[in-house]
Amino acid sequence: MYAQLTHINPLTLIHRNRLLPVPGSVNVREGQKVNPADIVAEASIPARHYLVDVARTLATSTPAAAEKMITRKPGEMLQKNDIIAETGGLFSRVIRTPGEGRMISVNKGRILIEAESTKISLQAGLAGKVSQVIPDRGATIQCYGALIQGVWGNARLGCGPLAADSESLSGELKSSKLGVTARGTVLAGGTCSKEFLAAAASEEIGGLILGSISSSHISAALEQPYAIIVLCGFGDFGMDELSRKLLSTHIGHDVSINAVKWNRLTGDRPEVYIPLAEEANACEDQVVYSSGQTVRLHTGSYAGRVGRIESLLPGFTLLPSGLRAAAARVVFGENSREIIPLANLDVILASD
Amino acid sequence: MAKNKPTQAKSVLGLEIGSANTRGFLFDVVENSYRMIASSSAPSTQMQPLFDIGEAVYEVVTRLQEVTGRVLLEKSGELILPAQPNGDGVDQFFVTTSCAPALKVVAAGLLSDVSLESAKKLAYAAYTNLVESIWINDRRPFNQKMDAVLAARPDLIILAGGTDDGASRSVTRTADLITGVLGFLPRGIRPQVLYCGNQALSSQLREAFGRYTSVRTAPNIRPSLEEEVLDPALGELNAMIMEKVLDQIGGLRRISPLCTIPPQLTNQAFHQIIKFLGRQYDPQKGVLGVDVGATYSMAAYANDRVSILNTFNLGLGSGVEELLLKSDIREISRWLAFSITDAQVSDYLWNRSLYPLSVASTIEESALERAAMRQVLRLMMAELEIREALPSSRFEPILLSGSLISRVVDPVQSLFVALDGMQPLGISPLILDKHGILPLLGAIANKNPLLAIQLLESTAFTNLATAISITSKARIGSTLLRARLDYPDGNYFEAEVKQGSILSLPLPSGMSGILRLQPTRRVEIEDFALNREPIKVVGGVCGVVLDARGRPIVLPEDPGKRTDLIKEWEFLLGAA
């Protein structure tokens, strides 16, 4: 049975595609070095329009008559108050543009103007090198470094030097960690309060890495202007020991956060990248459950705890809930053992 | 694959590929009747890291082989089809899938309560998310309507309107707007169009939209003001969704040629089987089927004339996010008879949205999931009422299906989930599809109706109970009526029903009894004249249940009293 995987990897080769949802222009070339905030591709999507009914406004006999009075052509850029139609003659009546935009079309005596479009600017999201350009869509960025995968993100990108200490990594981030020195940094902690989320925004931090967050803070987290990634799940259980250990070895290093929403169908997952100078091979992305694997629990009262599979139990095991499921005996620490359904385990892959 | 000519189909393999789990069922003829021989399940693998359904399908079929001792796969891993003289393989192979990302839909029509209403019904029936509606009397200016459609970024636009040989100018005007939208959007994100309006415009609009995007046309869903014909358009809509599913779900196109009929969407197949059943039961009441899954839930109603399907983006896997966004967490936690904070309930369910494959391992987690299922059902019933989707408030029977309901171990708890979540009125026989095979039977019935009929009559389904909802304005604890159940052997059972209570009269599954109710004060049973005439009732594993808890069921605010009451109800029905 294939395992659910989470990478908490001190050194690996990372390849990530950065793609536009629609065709656009790509701003980078193969081999180019990029920083997390660099724009690798851009596109625009139409958003707001004006419709000017020339035939009705100028009371023409037919739409065709109205179209003869239109003075501009589709494709032209228009400024606010530009004349777009006029009757002509001594006492000419005119129609002016209601706002700036681009004339899209003329149809049945009506002019359609695209007033504004939504610009999509795609950032690199991590520091690295462009390994491949995908024409009109984006690029693949490659780097070596540490990789920590999360479970939830607020759909933003962030970067900056990592600011953390053992106290905050193993507990709740306190407002005392904020201040002038926090500006532009990526803070990391076990968990935090809703008030902390708001206070961190006013300090303009670069991002926030949390072990867990209360589900009641989700809407507040989504409103923040900076990237927030949750590594283990919802609750107040904090950060797992492996993530804690890895982050604590990189305090002060530049890190970037891609706090994308986890989409299992596409494989997009929130991640933390810490670029490093050393080289390494890419890590596995498919493993089956087996004895000896390091696992993290993601459900119930054990959520966030890290253990090791001592043995896989044969067939299906009757659980206290009355359900039968494939399960493993998991060892926590020295002596504590629990039977855990495989479906409630994440295998943690670390290359060291 | 072996290619011998098939004789009469005997052995049938069915797969339900869900967003969380893939389940396999092997059916065969035993003593001249189709029976379910074995079932198996494995986590679905269309997601990360494999992105292909093949591994889960292989695991499920391999387990079926292990359980039955029958060879279903060649050594190369291919399915042996049809069955061989030595018994290897199967004669027919059916697949249903709910691995369908919900399409964002804009419904467009002329009159809001005619063609637009029908277009919305189409959207509600499918794996879609209705994000915007436009109609001819919509007071927004043309450009604002256009901007609204652009902002909604739909995957699909359903355009209806105009009776056949009726309005065409208004339809053309709406079509102009849609053409404008299609023209503005970049090629990669242009929505598809389903046209199901005035047939006189069909080919003209197909051509107009076809310059920009892929278009399907269907017979008019409102051929006249009085008439509504949804099925052909729904078939086209489902075909469009299935095309996307085939493109997005790795491996489905590969196994499709092996299937006896092309793979079907689970909700479509579920609708088919409920329609089939609707023709068998009392047309005055109609059959209601509800299915709670990981990503989607659905409700289908049918009698001998009409059938309606409603699909909801609610579930206990990835659908839990929608459930939590639409619910106050207390609406879920109030059903828990143990000490837990609302924050813990919320955290557990949000974690469930991150890990849709996770399993309730403790009694408390199991209870928590049942509480969430109650809320899924409650939201569904409320939405059905808003949509005025059910022509009747009484159903015979109510069928409970879905991978999640089938995971409830204790039938009494399944009954409570249904009664508390749906709060049915009147007299309702409740049947549990304990393996979650109803949708698959809907697909199989297309080619092998005998199998569907015989399975529906088999032990694959459990008669939970005949539930009778008694309402009264009396005080809690007041005696409402005396009930006497007479058995075929001449014995009888008597009980007193009190306001606020629920109790069960023992009547084994499938056995009929005569129930006499003698009110001691003013009470009502929806759509039933309590004139002391006896009622013929059919038993279930929970007997005949007299539910006098009222509608809606009101739980005490005080947590202690609430817990005691829930425990009392569970005790009275003998919950494990």
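**View 1. Domains 2 and 3 of chain B.** The C-alpha centres of these two domains, domain 2 and domain 3 of chain B, sit 38 Å apart. Everything here comes from a predicted model. Chain B is split into domain 1 (12-99), domain 2 (103-248) and domain 3, which is pieced together from 267-313, 392-557 and 566-573. Where domains 2 and 3 of chain B meet, 6 residues of domain 2 are in contact with 7 residues of domain 3. On the domain 2 side of that meeting place you'll find 4 nonpolar residues, 2 polar ones and no charged ones.

**View 2. The domains of chain A.** In chain A, the domain assignment gives domain 1 (5-38 + 124-275), domain 2 (44-118) and domain 3 (294-349). Look at domains 1 and 2 of chain A, and you'll see C-alpha centres that lie 47 Å apart.

**View 3. Where chain A meets chain B.** Here 40 residues of chain A are in contact with 40 residues of chain B. Two strands of chain A, β4 (39-53) and β16 (227-234), each bring at least two residues to chain A's side of this contact. The biggest giver on that side is β4(A), with 6 residues. Sorted by class, the chain A side has 23 nonpolar, 14 polar and 3 charged residues.

**View 4. The largest nonpolar core.** This core has 260 residues, and Leu122(B), Ile158(B) and Leu415(B) are the ones that touch the most other members. Zoom in on Ile158(B): leaving out residues up to four places away in sequence, Ile158(B) touches Val105(B), Ala107(B), Ala108(B), Ala119(B), Leu122(B), Ala123(B), Leu194(B) and Cys196(B). There's also a second, separate core of 15 residues, with Leu51(A), Leu78(A), Ile95(A) and Ile111(A) among them. In soluble globular proteins, nonpolar side chains tend to be buried together.

**View 5. Two helices crossing in chain B.** Helix α12(B) packs against helix α13 (residues 411-422) of chain B at an angle of about 35°, and their axes are 7 Å apart. The crossing of α12(B) and α13(B) is right-handed. From α12(B), the residues at the contact are Arg370(B), Met373(B), Arg374(B), Val376(B), Leu377(B), Arg378(B) and Met381(B). Facing them from α13(B) are Gln413(B), Val417(B), Asp420(B), Gly421(B) and Met422(B).

View 6. You'll find Ala42(B) in strand β3 (residues 33-43) of chain B. Ala42(B) counts as buried because 21 other C-beta atoms lie within 10 Å, and the cut-off is 20 or more. Beyond residues up to four places away in sequence, Ala42(B) touches Asn21(B), Thr22(B), Ala56(B), Glu59(B) and Val60(B). Ile17(B) is 25 residues from Ala42(B) along the chain, and their C-alpha atoms are 9.8 Å apart.

**View 7. Helix α3 of chain B.** In this helix (residues 142-152), the buried residues are Asn143(B), Lys145(B), Met146(B), Asp147(B), Val149(B), Leu150(B) and Ala152(B). What do the buried residues of α3(B) pack against? Their partners are β4 of chain A, plus β5 (103-108), β6 (128-134) and α4 (169-184) of chain B. Just after α3(B) comes Arg153(B), which takes a positive phi of about 45°.

Terms used:
Residues are numbered from 1 along each chain as its sequence is written. Chains are lettered from A and ligands numbered from 1 in the order in which they are written. This is a predicted model: local features need pLDDT of at least 70, side-chain atom pairs count only at pLDDT 80 or more; totals for chains, interfaces and linings use all residues. Domain bounds come from an automatic or database domain assignment. Two residues are in contact if their C-beta atoms, placed from the backbone, lie within 7 Å. Ala, Val, Leu, Ile, Met, Phe, Trp, Tyr, Cys and Pro count as nonpolar, Asp, Glu, Lys and Arg as charged, and the others, Gly among them, as polar. A nonpolar core is a set of buried Ala, Val, Leu, Ile, Met, Phe, Trp, Tyr and Cys residues joined through C-beta atoms within 7 Å. A residue is buried if 20 or more other C-beta atoms lie within 10 Å of its own, exposed if 12 or fewer, and partly exposed in between; C-beta atoms are placed from the backbone. Helices (H or I, at least four residues) and strands (E, at least two) are DSSP runs, numbered from the N terminus. Axes are lines fitted to C-alpha atoms, for helices over the stretch in contact, and angles run from 0 to 180 degrees between N-to-C directions. A crossing is left-handed if the near helix is turned anticlockwise from the far one by less than a right angle, and right-handed if clockwise.
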